[in-house]
Amino acid sequence: MNIDFSNIQTASAIPGAAAMIETFRAIGYSLETAVADIIDNSISAGARNIYINRVWKGGESMIIIKDDGHGMSDEEIIQAMRPGAQNPLVERSLTDLGRFGLGLKTASFSQCRNLTVISKRTGKNVSFWTWNLDYVALTNRWNLIRWLPDEYENILDDIESGTAVIWSNLDRVVSPLTKEDDENAKRKFSEAFDRVKRHLAMTYHRFLEDKSFKLYWCDHEIKP
């Protein structure tokens, strides 16, 4: 059926940002598969070394995934953080493991309320943007904020190019009210990451065996 759109009446039906973000959060990721989705992006970016770290601070704990891939400019970060940024019908390179342009966002939102991406290209300045879901809920707008945790301002200083994905306010991993001295919660957090490490060693074993890239877990190389 062919429709003549030239004289047809239209009405805007932009989805509400706050409701749509919460829908993204419901997509069925485990912590293991969420971390692996971020690593897929690092592989697509040509990374040779990928570093996974978790920082225990009770309810303020964080997860950081850093790579030495080709990095992104300011505009490229915004594009990467835009939901549905990639058309699934467009032909991709063989190293591009993404398809719908949602992996970075949905994987991250499934675990945390703050998704920060900081990146730089060779010879260029560092850029960063954050999805803060509390801000989205407050404004009901699809707006990133120019913010990152203070302690990670210099996280890319030791590499020529690359990207770091920082998850904070890990409400799906650790309750925001958890105290840093809660040993039971700390043990559960550690056990969850032991599962992540095993999952990564298995999922990427062929890449690790043929030295396509190296994965580091809290500065220790993961073996296949």
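**The sheet and its surroundings**

Guide: Seven strands form an open sheet of mixed pairing, arranged in the order β4-β3-β5-β2-β1-β6-β7. Strands β4 (127–132) and β7 (220–221) stand at the edges with a single partner strand each, so one side of each is left without a neighbour in the sheet. The model discussed here is predicted.

Visitor: In what order do the elements of the chain run from the N terminus on?
Guide: The chain contains seven helices and seven strands. Read from the N terminus on, its elements run α-α-β-β-α-α-β-β-α-β-α-α-β-β.

Visitor: What is the radius of gyration of the chain, and does it agree or disagree with that of a compact globule?
Guide: The C-alpha atoms fill a box of roughly 65 × 40 × 35 Å along the principal axes. For 224 residues, a compact globule would have a radius of gyration near 17 Å; the value for the chain agrees with this, at 19 Å.

Visitor: Among contacts between residues at least 6 apart in sequence, what percentage join residues at least 24 apart?
Guide: Of the 224 residues of the chain, 42% count as buried. Among the contacts between residues at least 6 apart in sequence, the share that joins residues at least 24 apart is 67%.

Visitor: Over how many bridges does strand β3 pair with β5?
Guide: Strands of a sheet pair through backbone hydrogen bonds, either parallel or antiparallel. Strand β2 (residues 62–67) pairs with strand β5 (residues 162–168) in the antiparallel sense over five bridges. Strand β3 (residues 114–120) also pairs with β5 in the antiparallel sense, and the number of bridges is seven.

Visitor: Which residue of β5 is the bridge partner of Val-117?
Guide: Other positions in β5 have opposite residues too: Asp-67 stands opposite Thr-163, and Ile-63 stands opposite Trp-167. For Val-117, the bridge partner in β5 is Val-165.

Visitor: How many residues of β5 are buried, and which of them point the other way from Gly-162, Ala-164, Ile-166 and Ser-168?
Guide: Seven of the seven residues of β5 are buried, so this strand is largely enclosed by the rest of the structure. In a regular strand the side chains alternate between the two faces of the sheet. In β5, Gly-162, Ala-164, Ile-166 and Ser-168 point one way, and the residues that point the other way are Thr-163, Val-165 and Trp-167.

Visitor: Is Ser-168 buried or exposed?
Guide: Ser-168 is found in strand β5. Leaving aside neighbours within four places in sequence, Ser-168 is in contact with Ser-61, Met-62, Cys-112, Arg-113, Asn-114 and Trp-147. Its relative accessibility is 7%, and because buried means under 20%, Ser-168 counts as buried.

Visitor: What separates the C-alpha atoms of Ala-137 and Ala-18?
Guide: Ala-137 is found in helix α5 (residues 133–139), and at 49% relative accessibility this residue counts as partly exposed. Ala-137 and Ala-18 are 119 residues apart along the chain, yet the separation of their C-alpha atoms is 4.8 Å.

Visitor: How far apart do the centres of the positive and negative side chains lie?
Guide: The accessible surface of the chain comes to about 12600 Å², of which 50% belongs to carbon and sulfur atoms. The chain has 27 positive and 31 negative side chains, and the distance between the centres of the two sets is 3 Å.

Definitions and conventions. Residues are numbered from 1 along each chain as its sequence is written. This is a predicted model: local features need pLDDT of at least 70, side-chain atom pairs count only at pLDDT 80 or more; totals for chains, interfaces and linings use all residues. Side-chain values use heavy atoms; hydrogens and water are left out. Helices (H or I, at least four residues) and strands (E, at least two) are DSSP runs, numbered from the N terminus. The radius of gyration is taken over C-alpha atoms; the globule rule is 2.2 Å times the number of residues to the power 0.38. Buried means under 20% relative accessible area, exposed over 50%, partly exposed in between (1.4 Å probe, protein chains only). Contact means heavy atoms within 4.5 Å. Accessible areas come from the Shrake-Rupley method with a 1.4 Å probe; for residues, only the protein chains shown count as cover. Lys and Arg count as positive and Asp and Glu as negative; His and the chain ends are not counted. The place of a charge is taken as NZ of Lys, CZ of Arg, CG of Asp or CD of Glu. Two strands pair if DSSP finds at least two bridges between them.
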